[in-house]
Amino acid sequence: MKTLSIRSRMTLWYGLMMALIISGFAAAICLLAVRSFSSRIDFELVEEVDEIVQEINDEPDREALTRELTSEFAHHPAYEYEVLEKGAQALFRSYRLGQNLSLFVTGSDSSIANTQPLFEAMPSQSDVLNDVMLSPLGEYRVLSRRVGSPYGELVIGVAIPLQPLRSIEADLWRVVSVLGPCVLLVAIAGGYWMAGRMLAPIAEITSTASEITVRDLKTRLEVSEADDEISQLSRTFNGMIHRLDQAFEELHRFTADAAHELRTPLAVMRTQLDVALRNDRSAADYRKVLVSLLDDVVRMTKLATQLLELSREDTGLVPHDFRWGALHEVVQCSVQQFLPEAHRKEITIDVHDVATVELSMDAERLQRAIVNLLDNAVKYSPNGGRVVVRLTHASDVVRLEISDSGPGIPPEHLPRVFDRFYRTEQSRTSPGTGLGLAICKAIVAAHHGQLQLLSPSVDRDSLSAASLGTTAIIELPINSQACATTQTTSELS
């Protein structure tokens, strides 16, 4: 079954809510109006009864009272009156009631032969309201009151026809039944139009998104100045497209660089093979060519291995084995690996302020990152230079600094040193692929840490080691409760 569109569902819900609101409002208005009219009728009945009570108090003579009531109330256009004596016939009755109708007894025979039961059932000085049907006059609202007089107890009844009230009530419901659906239809139409206006930006986003392809990621949505949900969605969508654009550009650049790095040694290998196969050569010459080819194969193997490792780090396919371990032991083990190379170049490795730190880490991969940084430090330090290693920690972060005494990195190259295959002019003279720092950064990022490089050309006032070529800084989050610190200093060469 086809699902309704969001616009239709919004309009449907809006219509249902409006129907409930209009119905409730109309019912409340009608009920309040009828109640107001009823209260007004009851108030007027009380006033009429009070007038008759006043006449009774002003006329002590029974016959004079009858004449006065007949003169004032017998032919009233809006009310019907009846005054009964206890145990006798009616003292006074309106002209339209005649002799056969009574405000107190209804039925085919409405005459009252004995009023004694009526007096006994009615409380003294209390008003009693009833709706009675006086055939053929219609439905009336009757107010009765039992009062005392100089010539005995009396029961006063005043009635008003309910036909005007019923007509007003019917007119109100008729107006509501006609206007209610009209108002509801107008509200639904307005809701459908408003829903379309509100969802128009969504349609624009859909149209723009359908035009965006891998070949064109420069298109962006227009973001309105209003800080509403649609604007936030547009900004989020533009941010996603921007990140995709950067990722594809980086992928294209990475693919081109990888192809270039692989094409160069392959071209050299092909040239060597062509030259070797062009003429017959001695075994020594063939061996020399094979040795050269083996070096190129080793470099290509290393490059392919680094590309695979970096790809796995980026996609999160590397199964990191995070365990609690001693970071200072990983640092010291990494330093030990470079002692032979440092001794060959007469480079001193100073290990300062190595704090005893334990944290959750993948020791093997973290050691690989530290080894890469130490390799760069030893490689670019001159003979007789110095490499300084520090491991300190604060309450929530551990900081590893590896500083060398090399030429440093020019400031224009610092922002790109972590780009893949990026190498400065100085680094191109030494063997390498330009992927080491990118791999280091990926490993540190997998540990939720940060890696940065500082050189003398930038502000290094915060560093304790001065006048060093380049300083690599790794910062990792730690659990301060699981750390203990001891300070050690050693000099290795």
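Reader: Which residue, with a positive phi, follows H10?
Author: This is a predicted model, where local features need pLDDT of at least 70, side-chain atom pairs count only at pLDDT 80 or more, and totals for chains, interfaces and linings use all residues. Residues are numbered from 1 along each chain as its sequence is written; side-chain values use heavy atoms, without hydrogens and water. Helices are DSSP runs of H or I with at least four residues, strands are runs of E with at least two, and both are numbered from the N terminus. After H10, phi is positive, near 60°, at His 448.

Reader: How many helices and strands are there in the protein?
Author: The chain elements are the DSSP runs just described. Counting them in the protein gives ten helices and 13 strands.

Reader: What share of the 493 residues is buried?
Author: Buried means under 20% relative accessible area, exposed means over 50%, and partly exposed lies in between (1.4 Å probe, protein chains only). Of the 493 residues in the protein, the buried share is 38%.

Reader: Among contacts between residues at least 6 apart in sequence, what share joins residues at least 24 apart?
Author: A contact means heavy atoms within 4.5 Å. Take the contacts between residues at least 6 apart in sequence: the share joining residues at least 24 apart is 65%.

Reader: Which residues of H10 are buried?
Author: H10 covers residues 436-446. Its buried residues are Leu 437, Ala 438, Ile 439, Cys 440, Ala 442, Ile 443 and Val 444.

Reader: At roughly what angle do the axes of H9 and H10 cross?
Author: Axes are lines fitted to C-alpha atoms, for helices over the stretch in contact; angles run from 0 to 180 degrees between N-to-C directions. The axes of H9 (residues 363-380) and H10 come within 9 Å. They cross at roughly 145°.

Reader: Is the crossing of H9 and H10 left-handed or right-handed?
Author: Left-handed means the near helix is turned anticlockwise from the far one by less than a right angle; clockwise is right-handed. The crossing of H9 and H10 is left-handed.

Reader: Which residues of H9 and H10 make the contact?
Author: H10 brings Gly 436, Leu 437, Cys 440 and Ile 443. H9 brings Arg 365, Leu 366, Arg 368, Ala 369, Asn 372, Leu 373 and Asn 376.

Reader: Why does the pair of Asp 131 and Arg 141 tie together separate parts?
Author: Asp 131 and Arg 141 form a salt bridge, with the closest N and O atoms 2.8 Å apart. Asp 131 lies in strand S3 (residues 127-134) and Arg 141 in strand S4 (residues 138-147), so the tied parts are ten residues apart in sequence.

Reader: Which residues are linked in a network of salt bridges?
Author: Asp 131 is partly exposed at 41% relative accessibility. Arg 141 is buried at 18%. The network links Asp 42, Asp 131 and Arg 141.

Reader: Which residues form one aromatic cluster?
Author: Rings of Phe, Tyr and Trp (its six-membered ring) pair if their centres lie within 6.5 Å; planes under 30 degrees apart are stacked, over 60 edge-to-face, and the rest tilted. Two aromatic pairs are counted. Phe 73 and Tyr 81 are tilted, 4.8 Å centre to centre with 55° between the planes, while Tyr 79 and Tyr 81 are tilted at 6.2 Å and 45°. The one cluster is Phe 73, Tyr 79 and Tyr 81.

Definitions and conventions:
A salt bridge is a side-chain nitrogen of Lys or Arg within 4 Å of a carboxyl oxygen of Asp or Glu.
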